[in-house]
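Welcome, and please open your viewer. We will go from stop to stop, with something to select at each one.

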Amino acid sequence: MNVSDLTSGELRRQLKKTGIFLQTGSFVTHLHTSIPSVADGIELLYQDYPLADSHGFVDFHVRLTTPLNIRRWFKPQVFFQSDGNSPFTPLPLDQAFPMFEWGLNWCVSSHANSYLIIHAAVIEKNGYAAIMPAPPGSGKSTLCAALINRGWRLLSDELTLVRVIDGKIVPLPRPVSLKNQSIDIIRQYAPGAVFSRKVSDTVKGTVAHMKPPSGSVAQASEIAQPGWIIFPKYQAGANAHLERQPKARAFMRLADNCFNYSLLGLKGFETVANMIDQAMSYDFTYSILDEAVEIFDALAPPLST
Amino acid sequence: MSPSTLVLRAFREPDSLVSLGLAEWDLLLRQVRHANLLARLYTVLEERSLLQQVPSQPLEHLNWAYVVLDKHAQAVRWEVMQIRKALADVDIPIILLKGAAYALAKLPHARGRIFSDIDILVPKNRLNEVEAALMLNGWAVMDLDAYDQHYYRTWMHELPPMQHHKRMTVIDVHHAIMPQTAHVRPDSEKLCAAASELPEYPGLKVLNPTDMVLHSAAHLLHDSELDHGLRDLVDIDSLLRQFCSLPNFWPNLVERAKEIELTRTLFYALRYAVYVLGTPVPAEAINAARIGRPSRFTLFIMDPLFHRALMPDHPSCSDWLTGIARWLLYIRANWLRMPPLLLARHLFHKAFISPRHK
């Protein structure tokens, strides 16, 4: 059963009363909230996601609540709770849905240590994954959103999960987070794409989330092989340009973008080293999305060494 | 067994966990996580070769905790070596306390015990040298206002916590195991004199077995927070199980409690370890420890308070009295730390003056 099998009223009632058991990638999240904007976001962007057994095992118990004091009414706030703990300070109520997305990312990145977790967008074609690690502002989510509207499969726009035991990439497709001008750029680039309401004045500026393609959600259990590690950089007016990265430098940059590299110790080192050996590493500069897509589509499969 | 006691079952009869259903595993892991005992549960199951029988989803969470456990053990050893190096010129024996002591003494229950600060005990007359040496090696007192500095340095049994500026690790330097203002003040010289050298680590010592148990008990029963109550009780349970085979351990334990004024503490620790975790304490030891027994009326009040506050701070382990119980025990712990007037002054400052400086 998928979220779309529930009527709007039924979804809201369940979210409020018992919570829903949402399957995203290999994780089950028990989400409980009576905040309407969160229900709106779930209804719009999570339609294709399966609902898990409500009597089974849950990975993350998440609640979004409004405080029981004056801040419920006056400048209202929202709290993110992970099984009763509040890892973040509260945000304005208007940011409840983005907070759910960020909070769920935190749940994964601070617990799931059977993966090397890289702060990177990751997409797939023909079994090979293109991993795009980059600091905020480099345009990785924009590029990722464009590519998944042109035939690439979304594995994740934020958290690349590399399974430590075999180095394979495990998908965690979730809505794609877009900021500021990127929102309208992708709206124009992919007129059919579905977006959540824009929320302004967040720490990241104005944000909106884009619904992931149904196919990516349906294929969430299909793992991929690291194919290319691409460090993207948006540069106004630049021609799309791909340049090989020396392995040592790519290693350090990749390790820098990991959440749990040092926690994993030797295994973290080995996992990064294997990725660097298996995949081709590039620097990528771009300004026009169509040119970027053309270059990605022409990427040669990595040499199997 | 009711859902609230699943976490206790994990430590009382771990073998029975293999029959749990998925929903029960879900609840159990939530409870142990709130008690900071998830990694410990991993080692309990591992020691009994039960991990293979855990269903895949909860096993995945246990494996996540194992990664933390593995890194933690390594980090603790490294940090202690850094501390030993920093204090090499001070030329005093460094006595490790609590988590760091269990880890470096390689006590079985140290594996899976996750903690954040390293605690050491040094002679009071060498405190200044120790603080100076730590500062020269990169540790600094954490950002505290003048009152908090005064609070630690005048009344407490430790320096204000010091943090390393690069590694962000925290060390608590103690000169005693109870505050200078407390009702009972175990003699630090007696503890230091009985401490034993760690053969593998010259220059480092740990408390002797009876003192280790008594310190663990004092920490549990006099700590104002109690947020790791069950974890600390599991410590006591493990220490008792580990040391009970030493010759004359139980009589020595009671005798030592008399010497260092901790008979009441020992009485409570044994009482709740037996009640909550089923620790095997011989009847003679229970009887001998009764010299520390409070009045019937006090016990009538204390039992329900501790039974609630020792459970994980999770809704499934709480009832409508849990919050009140924790609050009352917080008051009690502070009451035991300071005489009434000083306590009133301290709480007044914390309530009305400290917030104005924030």
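How many helices and strands does the secondary structure of chain A come to? Chain A has 9 helices and 16 strands; here helices (H or I, at least four residues) and strands (E, at least two) are DSSP runs, numbered from the N terminus. This is a predicted model, in which local features need pLDDT of at least 70 and side-chain atom pairs count only at pLDDT 80 or more, while totals for chains, interfaces and linings use all residues. Residues are numbered from 1 along each chain as its sequence is written, and chains are lettered from A and ligands numbered from 1 in the order in which they are written.

**Stop 1: the whole of chain A**

Along its principal axes, the C-alpha trace spans about 55 × 40 × 35 Å. The radius of gyration of chain A is 19 Å, which agrees with the value near 19 Å for a compact globule of 305 residues; the radius is taken over C-alpha atoms, and the globule rule is 2.2 Å times the number of residues to the power 0.38. Of the 305 residues in chain A, 45% are buried. A residue is called buried if 20 or more other C-beta atoms lie within 10 Å of its own, exposed if 12 or fewer, and partly exposed in between, with C-beta atoms placed from the backbone.

**Stop 2: two helices**

Next, select residues 36-45 and 96-109 of chain A, which are helices α2 and α3. They pack at an angle of about 65°, with their axes 7 Å apart. Axes are lines fitted to C-alpha atoms, for helices over the stretch in contact, and angles run from 0 to 180 degrees between N-to-C directions. Ser37(A), Val38(A) and Gly41(A) in α2(A) meet Ala96(A), Phe97(A) and Phe100(A) in α3(A). Two residues are in contact if their C-beta atoms, placed from the backbone, lie within 7 Å.

**Stop 3: a sheet of three strands**

Now look for the open sheet of chain A with the order β11-β13-β12 and antiparallel pairing. Its edge strands are β11 (176-179) and β12 (199-202), each pairing on one side only. On average, neighbouring strands of this sheet are turned by 35° against each other, direction ignored. Strands pair if DSSP finds at least two bridges between them: 4 bridges join β11(A) to β13(A), and 2 bridges join β12(A) to β13 (residues 205-210).

**Stop 4: His209(A)**

Stay in strand β13 of chain A and select His209(A). Is His209(A) buried or exposed? His209(A) is buried, because 25 other C-beta atoms lie within 10 Å. Leaving aside neighbours within four places in sequence, its contacts include Leu45(A), Glu101(A) and Phe195(A).

**Last stop: where chain A meets chain B**

Finally, show both chains. The contact takes 14 residues from chain A and 16 residues from chain B.
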